[in-house]
Amino acid sequence: MPRSLEPLDLGIQIPYHFRCPISLELMRDPVTVCTGQTYDRTSIESWVSTGNNNNNTTCPVTRAPLSDFTLIPNHTLRRLIQEWCVANRSNGVERIPTPKQPADPTSVRALLSQASATSGAHVSVRSRAAALRRLRGFARDSEKNRVLIAGNNGKEILIRILFSSDEEAHELVSESLALLVMFPMKESAQCVSIISDPGRVEFLTRLLFDSFVETRVNAAALLEMALTGSKGTVTITNSESIFEGVVDLLRGDPVTSQSRRALKIGTKALFALCLAKNTRRIAVSSGAPEILIDRLASEDFDRCDAERALATVELLCRTPEGCAAFGEHALTVPVLVKTILRVSDRATECAAGALLALCAAEERWREEAVAEGVVVRLLLMVQSECTERAKRKGQKLLKLLVRDSWHDYSFANSDGLACSEVVPF
């Protein structure tokens, strides 16, 4: 292999020995294998896990067998690379951060065992919570660590710890909950085991009113994950308190990172709850319409959250109570009209669907929409490259607005219309 490389666009040369032999990119986390060769950790791990034939057992450079898959961090080379980055900072080179070392499998198993222990001379809530905090630190460091924890039955252990803990052991409850929501909950059996158990749902509902915001947000996150993962096979009953807790998360001022996370999780949880038809009335009585429009008007949402919020608005507008609540809010029609062709295709589709339901319900909202300039936006919308569902909703709304007679249209309380379909996220 050549001992020098062509100059980069930056006008500088990366020393050959700073580049990974596999990716030819600057190494960020150099590690040495048993043959003495050094590679970037990500590249050699990918080589070992996805190599063809016998490649996963040989050294990419020497082709010698890899008898030991231990990866030893090359701290000296990493420091040299960092010093080189600093020296070339004026040329646009950013210093690579010191990488977090992967969690040791033995340590992970020991910590999970310590966290789940319920008897013994040295078992205490404090020691169990300390083990969970260390595991949480590992999980924050990398996806690889999260895979390692999950691969050691971590999610099942955390579910067991959370729902078998006394609420008075707040530290243990909050730590197990915070760690559990860091893992994807895609297994429907796990989700159903949470959301179909009235005792577990009641426990999470109480946590929605905890004195610590983080615990409240994490409880809402787990409820949303369980609802979504159960794929609509389970409906929560007696959900008034759940809606009250979730809607309350949307009321905070999204200035701090914690408040922004509360806003995001609250929006996701509210949408997941409103997918069930029989819960939408409860969402309306819990004040969801007012807070959703206020947040949309203040532009507190990012694009994805705005789409979810608008999808929730459309779902709630399918009920007479929802139409009435949204229609009475002075900002509803202006916000929905303004959203069309402004945020995204999906936001446009949901805004048009919500307006269709509102305009079909009462003439005064049709007049307000026309005054806000909805006709021009709809004409542009049906000629744009937005989704076919959005165009169908726009065409229905245009026909509704230009007809002299309105009594033939009643969309507000219908889920059967293809033009009103709301696709889950």
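Axes here are lines fitted to C-alpha atoms, for helices over the stretch in contact, and angles between N-to-C directions run from 0 to 180 degrees. The structure is a predicted model, in which local features need pLDDT of at least 70 and side-chain atom pairs count only at pLDDT 80 or more, while totals for chains, interfaces and linings use all residues. Residues are numbered from 1 along each chain as its sequence is written, and side-chain values use heavy atoms, with hydrogens and water left out.

Helix α15 (residues 303–316) and helix α18 (residues 345–361) have axes that come within 8 Å and cross at roughly 20 degrees. The two helices are therefore roughly parallel, a term for angles under 35 degrees. Their crossing is left-handed, meaning that the near helix is turned anticlockwise from the far one by less than a right angle. On the α15 side, the contact (heavy atoms within 4.5 Å) is made by E307, L310, A311, V313 and E314; α18 contributes R346, A347, E349, C350, G353 and A354.

L112, A115 and S116 of α3 touch G154, I157 and I161 of α6. Helix α6 also packs with helix α9 (residues 198–207), at an angle of about 75 degrees and with axes 10 Å apart. These two are therefore roughly perpendicular, the class covering 65 to 115 degrees. Here I159, L162 and F163 of α6 meet R200, F203 and L204 of α9.

Turning to charged pairs, the structure holds 22 salt bridges, each a side-chain nitrogen of Lys or Arg within 4 Å of a carboxyl oxygen of Asp or Glu. One of them joins R133 and E171, at 2.7 Å from N to O. This pair links distant parts of the chain, with R133 in helix α4 (residues 125–141) and E171 in helix α7 (residues 170–180), 38 residues apart.

Definitions and conventions:
Helix = DSSP H or I, 4+ residues; strand = E, 2+ residues; numbered from the N terminus. Parallel < 35°, antiparallel > 145°, perpendicular 65-115°, else oblique.
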